[in-house]
Amino acid sequence: MWGIILGAILAVIVISPLAASLLIAFGGAKKLRLPEIELNKFKRKRFERVRWIFNEQCPANDCPVMFLRGAVLKDKTTGKNLLQLKFINAGTQTIKSAYAAIDFIDDAGDIIANGTTIQAEYLDVNCVSGDTFGQKQLLDLGDIGAIHIVITYSKVVFTDGTVWRAGTDSQVSRPIPVTLMKSVLPPELQNEVSEETLCKPETLGGGLWRCTCGCLVGTADGDACPNCQQTFSQAQETASVSVLEKRKQKKIAEQEQKALDKKVAKTESNRYIKQLIFAIISLYVGTPCILFNIDYAYRLSVISSGGAEILPLICAMLSSISLIATALLVQRARKDGGIKEPQSARKLVKIQGITALAPMCLILILNIISLIHFSLESIFLIPYSILLLLPNYLYCYQLPYIRERLKRSKAKRVKEIIALIVCGIAVLFAILCIAYIPSCMHFYMGGGFSFDSYIVLPCIISVIVAAVLIIYCSRLPIVKNWLAKRKSRKREK
């Protein structure tokens, strides 16, 4: 009964990590989005800007409201054209409401026929001095193809109850030209025009100048643009070819860096996915090796019966923890390269490395103890253990925790030394297997002969592994340097 329960527990520990790790690494719960966020996202995508509208008329005399700039928007849902205007409180009092009439001018400079005038009312804006209003209110254009507009302010109501009303000569309209940056820039820099560098900064008649954002600025009211807070000299510098070229170079550098980051993120993700594959293989190939070695050590009385029952569970749990940790690293790496800095997942990487090393070290210790303290036949466990633990070795070899430890040791030839040690052990095993062959031969008095066939496979495996490692190690720099020194000494003699 206890054996069935133990087997069931072991099966759960071994099988469940596979499903959990795959779900963590490649599944992932979808991010929940609040309805308000979805609504805001919908609003951002609903309107498309068709063209900008700039102020092309002198400010009205004594009018506390000044038009900054606007835009014609296309409503993708209804198909309507909408007008969005942005005003600033250029006075000293807080504005409660503003009333204006908006007329439209065609390309020839003529006002479009009667019936197209829009009566715009901006109510309860409560706009303090220097603040802006109007951009949240959209006016329906109908079929009007708005390119240029003329705004006639009728009255402005302040929060203290006073009212500004337009006089008969308070608003004299005369066209003020607008020079767009795209028309004066070379083609390779036209894409660098942003929403704050739409127009060429230039001085205009009547003490006015045009800012790069498109706003008219009156020097009598201050040198800074009320929309983007630039002075005329700053606006000229912003629109200079040298600044735009620097902006272009910066954008190219950012794009290149973004592409490089994306490539690094993909490389990191692929590297951790490869680790996950090795972790799964090492868990499901290494588990039989763990059970076989512990069972053999128990029969040789290296460990007690309690240890024989508990050790497989401990080894399987450690391997499962390492697998889950690797799956978590894969999940982070797939999120746009989340594991670029070791600090971001140092604890997780350490858990991954330690729990992966522990079962492998335990099996090697059991093999060594069995070899030293008991029969010589236990040496045949070593080749099988090496083959079964090879995925574990490949998995452990590429773990960040192990790599950091190797870097800290500051030994450039650590890998070569390890390879030479493994090669030496393999050669020793092969020699022992070959030396053991005569004891497997049995001669009889009548001329008969028999041979123990169980030695054949271990001997073949040991010789092949030793030969491959010798060929590999002969190409290592440490071996080549040693052979070169020996040749030079012989020549000197």
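Is Arg 46 buried, exposed or partly exposed? At 26% relative accessibility, Arg 46 counts as partly exposed. Here buried means under 20% relative accessible area and exposed means over 50%, with partly exposed in between (1.4 Å probe, protein chains only). The model is predicted: local features need pLDDT of at least 70, side-chain atom pairs count only at pLDDT 80 or more, and totals for chains, interfaces and linings use all residues. Residues are numbered from 1 along each chain as its sequence is written, and side-chain values use heavy atoms, with hydrogens and water left out.

Salt bridges were considered next. A salt bridge is a side-chain nitrogen of Lys or Arg within 4 Å of a carboxyl oxygen of Asp or Glu. By this rule the count is 2. In one of these, Arg 46 pairs with Asp 75, and the closest N and O atoms are 2.9 Å apart. Arg 46 lies in helix H2 (residues 35-46) and Asp 75 in strand S2 (residues 65-75), so the pair ties together parts that are 29 residues apart in sequence. Helices (H or I, at least four residues) and strands (E, at least two) are DSSP runs, numbered from the N terminus. Asp 75 is buried, with a relative accessible area of 4%. Lys 80 and Asp 140 also form a salt bridge through their side chains, at 3.8 Å from N to O. Lys 80 sits in the loop between S2 and strand S3 (81-89), and Asp 140 in strand S7 (residues 138-140), so this pair ties together parts that are 60 residues apart in sequence. Lys 80 is partly exposed at 43% relative accessibility. Asp 140 is partly exposed as well, at 41%.

Strand pairing was then examined. Two strands pair if DSSP finds at least two bridges between them. Strand S4 (residues 95-105) and strand S8 (residues 148-158) run antiparallel and are joined by 10 bridges. Within this pairing, Ala 100 has Tyr 153 of S8 as its bridge partner. S8 also pairs with strand S9 (residues 163-165), in the antiparallel sense, over 3 bridges. Val 157 stands opposite Val 163 of S9. The hairpin of S8 and S9 has 4 residues between the strands, and Gly 161 there takes a positive phi near 100°.

Positive phi values also occur at residues other than glycine. Asp 124 is not a glycine, yet its phi is positive, at about 50°. Asp 124 is placed in the loop between strand S5 (118-122) and strand S6 (132-133). Its relative accessible area is 52%, and Asp 124 is exposed. Asn 126, also not a glycine, has a positive phi of about 50°. The loop between S5 and S6 holds Asn 126. Asn 126 is partly exposed, with a relative accessible area of 48%.

Leu 216 and Phe 67 are 149 residues apart in sequence, but their C-alpha atoms are 8.4 Å apart in space. Leu 216 lies in strand S12 (residues 216-218). Leu 216 is buried, with a relative accessible area of 0%.

Two helices were compared with their expected spans. The expected span of a helix is 1.5 Å times one less than its number of residues. Helix H9 (residues 414-436) has 23 residues and should span 33 Å; its end C-alpha atoms are 33 Å apart, which agrees. Buried residues of H9 include Ala 419, Cys 423, Ala 426, Phe 429 and Cys 433. Helix H10 (residues 456-473) has 18 residues and should span 26 Å; its end C-alpha atoms are 26 Å apart, in agreement. The buried residues of H10 are Pro 458, Cys 459, Ile 461, Ser 462, Ala 466, Leu 469 and Cys 473. They cover an arc of only 165° around the axis, which puts them on the same side of H10. The arc is that of the directions from the helix axis to the C-beta atoms.

Met 441, Phe 443, Phe 449, Phe 451, Val 456, Ile 460, Ile 464 and Val 468 make a nonpolar surface patch of about 750 Å². Strand S13 (441-443), strand S14 (449-451) and H10 are the elements that give two or more residues to the patch. H10 supplies the largest share, 4 residues. Patches are made of residues with over 30% relative accessible area and no salt bridge; like charges are joined within 9 Å, and nonpolar side chains (Val, Leu, Ile, Met, Phe, Trp, Tyr) within 5 Å. Accessible areas come from the Shrake-Rupley method with a 1.4 Å probe, and for residues only the protein chains shown count as cover. Phe 443 is found in S13. Phe 443 is exposed, with a relative accessible area of 62%.
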